[in-house]
Amino acid sequence: MQPRTPLLLCVLLSQVLLLTSAEDLDCTPGFQQKVFHINQPAQFIEDQAILNLTFSDCKGNNKLHYEVSSPYFKVNNDGSLVALKNITAVGKTLFVHARTPHAEDMAELVIVGGKDIQGSLQDIFKFARTSPVPRQKRSIVVSPILIPENQRQPFPRDVGKVVDSDRPEGSKFRLTGKGVDQEPKGIFRINENTGSVSVTRTLDREMIATYQLFVETTDVNGKTLEGPVPLEVIVIDQNDNRPIFREGPYIGHVMEGSPTGTTVMRMTAFDADDPATDNALLRYNIRQQTPDKPSPNMFYIDPEKGDIVTVVSPALLDRETLENPKYELIIEAQDMAGLDVGLTGTATATIMIDDKNDHSPKFTKKEFQATVEEGAVGVIVNLTVEDKDDPTTGAWRAAYTIINGNPGQSFEIHTNPQTNEGMLSVVKPLDYEISAFHTLLIKVENEDPLVPDVSYGPSSTATVHITVLDVNEGPVFYPDPMTVTRQENISVGSVLLTVNATDPDSLQRQTIRYSVYKDPAGWLNINPINGTVDTMAVLDRESPFVHNSVYTALFLAIDSGNPPATGTGTLQITLEDVNDNAPFIYPTVAEVCDDAKNLSVVILGASDKDLHPNTDPFKFEIHKQAVPDKVWKVSKINNTHALVSLLQNLNKANYHLPIMVTDSGKPPMTNITDLRVQVCSCKNSKVDCNAAGALHFSVTSVLLVSLFSLACL
């Protein structure tokens, strides 16, 4: 390979961002000089021309527009570069982008002696890393291509050129990589004969900031001759994205009385432009405050960090004196470091002035009056308080305490959550005869503690005077219930007891009369004057009105008040059992076959309504006066059952066997019951009792029923 000539190297180093096809040889669109060197002065003076740039689109420069990579400079319409303000340090490199509807180009301004600062395009495009001097052994020479985003029509347009000093005749250039033959495809292409690289559409740096392409030369058969050599395309950022507040809603809180400079919240915006340039360098300010009282400047925002802080004195930050404890701030974020040319975005910050407990609750009056009838319970008076703190907080909510006058715990006080009133209630009925007046001392506090410099004063206590109204109370039986124990079957007219009822209205002279209120069996009578209770019928423990041997009746005591009052007393009579019920047997019907081999007839059971010891063991016998001894037999099974059997087979007929059963009471009671035995014809598994006028029950079924009854006892 032949060494490159100095002229070719010079051309490559001055390769510009935007090259035109330049069919008109008399005019080449773009800057006439691509690179300028400026010695760093002590200070760039505002509006003083630094140098003049010459740009031509070869069509009159209609609608010519300049953009400078630094927000501190501008290019006037005549091409003069000036500073927007007095500045001392701007970095090592500036870029000027010129554009008309027909052409655009980029010029580089090298600040000799300048220092690196954030946002310099020298750092952004990483020339030192991405554009090393090509190695001499290669004949393909490429330089990084810089293309501004958001270019306008027409497309395609040339943006750079690849040179091969030793390219064989007939060889072709080939371009590959992301943006060519990889997605997104078709953005770049190369003239296979000339090496001119063109872009086919508008680029967006926020989508893709750099493209890594590769250039190679091929023979006529497509075989690679040299390469691939990397070619980097860098998309130059334009300020085409506004700052956006993405994390709303923004709500901050600050306690009332907070010191000046208290941080409330932080507002942070996002700018999609290149963060290494001023296009994304944001500055914050407060555009509007609502309301604007007591000061239109209640808050300040750090222009760089976005921290919102208080700027008024603690005295002005008093929630109770503010018209509205909620402030809304319109916060603006502006890129280009806040210069007028920067794009802006806004958001609303809502700031709540939170309450602290700097006001103690106060009763609206020192004394409250209440009346209550004796014997009644419930709320008797609502105690009202005032509190200037926030009604939605514990600094306002009241907590009441009875601190004196409630030794019997007859009163309770609770807070009404809607009105903050203290609801004083009677929870244990009051007795006029014991005390007609009560005086309570009530204290009110907040749920939250007071701030250190505020205390509860005399207005946080109040006195409640309660008057108890006398009510005609009903007489009271003592004891209640009243209990007695008697044997059942006591003689009619027997005295059970004398009830005793007293009138609680001891300050009134009243008489009491008695009457029966509930006597389910109609057994009792009460003397209306002295309360003596006697029987007017026989008491029966086995009555359905008696439960678990206890009979219950209710009596009334009525005083002579106007209107009269009534009291109710309960009498419980425990009835002791006597042997007044004879036992009875079951079943009373049985069947047996006339030719049965098993002569057992039926198992009898006995029951008694009385209690032990007046029941079992039972004694079963055949009433021998009416039945021959050599036909029937009764055998004891246990205390409650016996077996009836035949001593011989009988003819088909109905037989009546008198069974006598006796309990164990003293004296015992006996009952004689006829057992009806049907002797039936049993042939071929058929039982025929018709001839004997028998019921259709088999001997087997009767025995089963009897055995079941035995098992259940």
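**Burial, strand pairing and a cavity in a predicted model**

Mentor: Of the chain's 713 residues, 44% count as buried, meaning under 20% relative accessible area with a 1.4 Å probe and protein chains only. This is a predicted model, in which local features need pLDDT of at least 70, side-chain atom pairs count only at pLDDT 80 or more, and totals for chains, interfaces and linings use all residues. Residues are numbered from 1 along each chain as its sequence is written, and side-chain values use heavy atoms, with hydrogens and water left out.

Trainee: What does the accessible surface of the chain come to?

Mentor: It comes to about 37000 Å², and 51% of that belongs to carbon and sulfur atoms. The areas come from the Shrake-Rupley method with a 1.4 Å probe.

Trainee: How many helices and strands does the chain have?

Mentor: There are four helices and 52 strands. Both are DSSP runs numbered from the N terminus: helices are H or I with at least four residues, strands are E with at least two.

Trainee: Which strands pair with β50?

Mentor: Strand β47 (residues 619–622) pairs with β50 (residues 653–662) in the antiparallel sense over four bridges. Strand β51 (residues 670–683) also runs antiparallel to β50, joined by ten bridges. Two strands pair if DSSP finds at least two bridges between them.

Trainee: And which residues stand opposite each other there?

Mentor: F620 stands opposite V661 of β50. For P658, the bridge partner is D674 in β51.

Trainee: Turning to β28, β32 and β31, what is the strand order in that sheet?

Mentor: The order is β28-β32-β31, in an open sheet of three strands with antiparallel pairing. The edge strands are β28 (378–383) and β31 (411–415), each pairing on one side only. From one strand to the next, the twist averages 25 degrees; axes are lines fitted to C-alpha atoms, and angles run from 0 to 180 degrees between N-to-C directions.

Trainee: How many bridges join β31 to β32?

Mentor: Five bridges join β31 to β32 (residues 422–426).

Trainee: What share of the contacts comes from residues 24 or more positions apart?

Mentor: They account for 67% of the contacts in the chain with a separation of 6 or more, where contact means heavy atoms within 4.5 Å.

Trainee: Which residues line the largest cavity?

Mentor: Among them are R99, H102, E104, R152 and R157. About 50 Å³ of space lies in that cavity. A cavity is a set of points on a 1 Å grid over the protein atoms alone where a 1.4 Å probe fits but cannot get out, and lining residues have an atom within 4 Å of a point.

Conventions
Buried means under 20% relative accessible area, exposed over 50%, partly exposed in between (1.4 Å probe, protein chains only). On a 1 Å grid over the protein atoms alone, a cavity is a set of points where a 1.4 Å probe fits but cannot get out, and a pocket is an open set with protein on both sides within 12 Å along at least five of seven lines; lining residues have an atom within 4 Å of a point. Grid points are joined across faces, edges and corners, and a volume is the space filled by probe spheres set on the points.
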